[in-house]
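Please read the points below with the sequence and the three-dimensional view side by side.

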Amino acid sequence: MNGGFRNKWAVITGASHGIGAALARKMMDEGANVCLIARSEAELAAICAEGRRKGVEAIYRAIDLRNREALEELCAELCNTLPAVDFLFCNAGKSICRKIIDARDRLHDYDRTMDLNYRSVVALSMALLPQLTKSRGSIVYSSSVSTLYPAVPGWSAYHASKAAANMWLETARTEFLVYGVKVKIAYLPLVHTPMSEVNRFYRNMPAMSADKAALVLMRLSKSLRFSYMPWWARLTAPISHMIH
């Protein structure tokens, strides 16, 4: 990396495993202080212990971001306790593949997916906007390259939640310019993580590593670009809509 993270504060959601854990470690290697958010307390505590050994400040909050009351309390706490917020990495996510006909009695599938993939992004972004404004910081969202393509069966809950977050962030980008806050979307391809490995079809497919994805997020946070997407998506996504 080219630097620019030393002594900065980064809030990272979904930080206990996969991309989030890799991102936390790489940010701490660069000298950043971190506030890590996820459900798995033991993993968060271990990563923070690594950070303190590296000489940075590292704190965590073990909560389920789908719990609206807990999220509200977290937002209030972070506003009042964090000395600064230079980067907000909204990386927590829930993946679900279930056809609509099979979800007729499972409306909670949509509620939970929307709460994590969309609502928590909005809540944290708005709550931390004053600190991000003061630091002229960045919001970086881990989206999916699949949202750039036509809809496919089975992914209604996941794609709807990701697309909602994409559109909110595209709007926030225009509105937050006056505050000096940068908004970024990373349209990531398949990444080998514990979440993706649940789907047996993905286990042996070519995919990006969590470490590589973390580097993508870090570079995007410092880039003048609004978004990241793989080169092949820039070529094929527009064509896919024309022939769909």
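1. A salt bridge is counted here when a side-chain nitrogen of Lys or Arg lies within 4 Å of a carboxyl oxygen of Asp or Glu. The general idea is that side chains of opposite charge can pair when their charged atoms come close. In this model, which is predicted, the structure holds 7 salt bridges, and some of them are taken up in the next points.

2. One of the salt bridges joins the side chains of K54 and D29, with 2.7 Å from N to O. Because K54 lies in the loop between α2 (41-53) and β3 (58-62), while D29 belongs to helix α1 (residues 18-29), the pair ties together parts that are 25 residues apart in sequence.

3. Another salt bridge is formed by the side chains of R61 and E77, at 2.6 Å from N to O. Here R61 sits in strand β3 and E77 in helix α3 (residues 68-81), so the pair ties together parts that are 16 residues apart in sequence. R61 counts as partly exposed at 27% relative accessibility, and E77 is likewise partly exposed, with a relative accessible area of 27%.

4. The side chains of D109 and R98 also meet in a salt bridge, again described by an N to O distance, which is 2.6 Å. This pair links distant parts of the chain, since D109 is in helix α4 (residues 107-127) and R98 is in the loop between β4 (87-90) and α4, 11 residues apart.

5. Turning to the buried residues, Y158 lies in helix α6 (residues 156-176) and has a relative accessible area of 11%, so it counts as buried. Which residues does Y158 touch, if those up to four places away in sequence are not counted? They are K94, S95, I96, T113, N117, S144 and S146.

6. When neighbours within four places in sequence are left aside, S142 is in contact with C90, N91, K162, A186, L188 and L217.

7. On the surface, K8, R136, K182 and K222 gather in a patch of positive charge. Of these residues, K182 is found in strand β6 (residues 182-188), and its relative accessibility of 35% makes it partly exposed.

8. The surface also carries a nonpolar patch, formed by W231, W232 and L235, which together have about 380 Å² of accessible area. L235 is found in helix α9 (residues 231-243), and because its relative accessibility is 52%, L235 counts as exposed.

Conventions:
Residues numbered from 1 in each chain as written. Predicted model: local features only at pLDDT ≥ 70, side-chain atom pairs only at ≥ 80, totals over all residues. Heavy atoms only, no water. Patch = residues over 30% accessible without salt bridge, like charges linked within 9 Å, V, L, I, M, F, W, Y side chains within 5 Å. Areas by Shrake-Rupley, 256 points an atom, 1.4 Å probe, with all protein chains shown as cover. Lys, Arg positive; Asp, Glu negative; His and termini not counted. Charge placed at Lys NZ, Arg CZ, Asp CG, Glu CD. Helix = DSSP H or I, 4+ residues; strand = E, 2+ residues; numbered from the N terminus. Buried < 20%, exposed > 50% of the residue type's maximum accessible area, 1.4 Å probe, protein only. Contact = heavy atoms within 4.5 Å.
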